[in-house]
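Colleague: Please let me see the model, and then let us discuss how its parts are packed.

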Amino acid sequence: MNPGPFGMAQNGVPFGDTKHVKEWPQIVGQVNKPEKEHPKRPIHGLDCERGEVSGSRLWGFIKEQSKSPDKFFHSCFIHNYCPLVFMSSSGKNITPPQLPKQERQQLLEICDNSLAEFVKLSGVKIVVGVGKFAEERAHKALKDFNVEIYSIMHPSPASPAANACWSDIALKQLTDVGLTGYIRNEKL
């Protein structure tokens with residue numbers, strides 16, 4: 001739905017578990033602190049030592065299936081529907097569904113328009129939402145586009161099924177709709 005405080009909020013990479021971001025696509029560089037930093041969630045950038053479970057699962061799965069970043073990024077890209085982090089004064093992550101209705105509606109309209117513009121500019125033909133929320137937003141935002149839309153289960157640790165065997169479920173979901181060849185960069 002949106003970044004948590006220990007993934008993309010730290011390094012700018014969707015589902016950005018820092019260990020995977022540094023070790024697999026080998027992203028390096030300096031991440032600057034925002035002008036206004038939450039006192040309970042300081043930005044450590046690529047030095048963040050705290051893991052991001054969803055990101056670790058997703059990037060670990062991609063690494064296992066693709067074998068190399070070049071293979072994955074040849075045909076795939078991960079785009080965050082809502083790249084903004086929202087936190088309470090205590091530092092608790094707030095997801096878009098938890099925002100007040102009027103604020104949520106404004107945010108979703110902006111994010112829908114951004115997704116549509118991204119798809120238009122990049123020429124994307126297939127969108128795979130990571131989770132039902134992402135799939136639902138893609139259907140709404142891309143209703144006038146000629147794109148195929150699918151989803152895989154979100155790798156959140158809040159999901160008992162994801163905790164049991166997320167990568168097996170995600171692989172089956174992608175296999176069932178014939179998309180594993182894109183991740184593996186095999187001839188389709």
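**Helix packing and burial**

Modeller: Helix α5 (residues 101–122) packs against helix α6 (residues 132–141) at an angle of about 70 degrees, and their axes are 9 Å apart. Helices (H or I, at least four residues) and strands (E, at least two) are DSSP runs, numbered from the N terminus. This is a predicted model, in which local features need pLDDT of at least 70 and side-chain atom pairs count only at pLDDT 80 or more, while totals for chains, interfaces and linings use all residues. Residues are numbered from 1 along each chain as its sequence is written, and side-chain values use heavy atoms, with hydrogens and water left out.

Colleague: How are α5 and α6 oriented to each other?

Modeller: Axes are lines fitted to C-alpha atoms, for helices over the stretch in contact, and angles run from 0 to 180 degrees between N-to-C directions. Angles under 35 degrees count as roughly parallel, over 145 as roughly antiparallel, 65 to 115 as roughly perpendicular and the rest as oblique. The angle here is about 70 degrees. The two helices, α5 and α6, are therefore roughly perpendicular.

Colleague: What covers the buried residues of α6?

Modeller: Buried means under 20% relative accessible area, exposed over 50%, and partly exposed in between (1.4 Å probe, protein chains only). In α6, the residues F133, E135, R137, A138 and A141 are buried. Their cover includes α5, β3 (126–130) and β4 (148–152).

Colleague: Which residues of α3 and α7 make the contact, and what are their classes?

Modeller: The crossing of α3 past α7 is right-handed, a term for a near helix turned clockwise from the far one by less than a right angle, with left-handed for anticlockwise. On the α3 side the contact is made by R57, L58, F61 and Q65, and on the α7 side by A162, N163, W166, S167, A170, L171 and L174. By class, this contact has seven nonpolar, three polar and one charged residues.

Colleague: Which residues have the most contacts inside the largest nonpolar core?

Modeller: A nonpolar core is a set of buried Ala, Val, Leu, Ile, Met, Phe, Trp, Tyr and Cys residues joined through side-chain atoms within 4.5 Å. The largest such core has 20 residues, and the most contacts inside it belong to W59, I62 and F72. Both α3 and α7 supply at least two residues each to this core.
With neighbours within four places in sequence left aside, the contacts of I62 are W24, K67, F72 and I78.

Colleague: Is T180 buried or exposed, and which residues does T180 contact?

Modeller: T180 belongs to helix α8 (residues 180–184). Its relative accessibility is 14%, so T180 counts as buried. Apart from neighbours within four places in sequence, T180 is in contact with L171, L174 and T175.

Colleague: What is the phi of Q26, and where is Q26 placed?

Modeller: Q26 sits in the loop between α2 (18–23) and α3. Q26 counts as exposed because its relative accessibility is 57%. Although Q26 is not a glycine, its phi is positive, at about 55 degrees.

Colleague: What is the phi of N185?

Modeller: N185 is found in the segment after α8. At 30% relative accessibility, N185 counts as partly exposed. N185 is a residue other than glycine with a positive phi, near 55 degrees.

Colleague: Which residues does P3 touch?

Modeller: P3 lies in the segment before α1 (8–11). Its relative accessibility is 4%, so P3 counts as buried. Not counting residues up to four places away in sequence, P3 touches M8, A9, N80, C82, P83, L84, V85 and N93.

Technical notes:
Contact = heavy atoms within 4.5 Å. Nonpolar A, V, L, I, M, F, W, Y, C, P; charged D, E, K, R; others polar.
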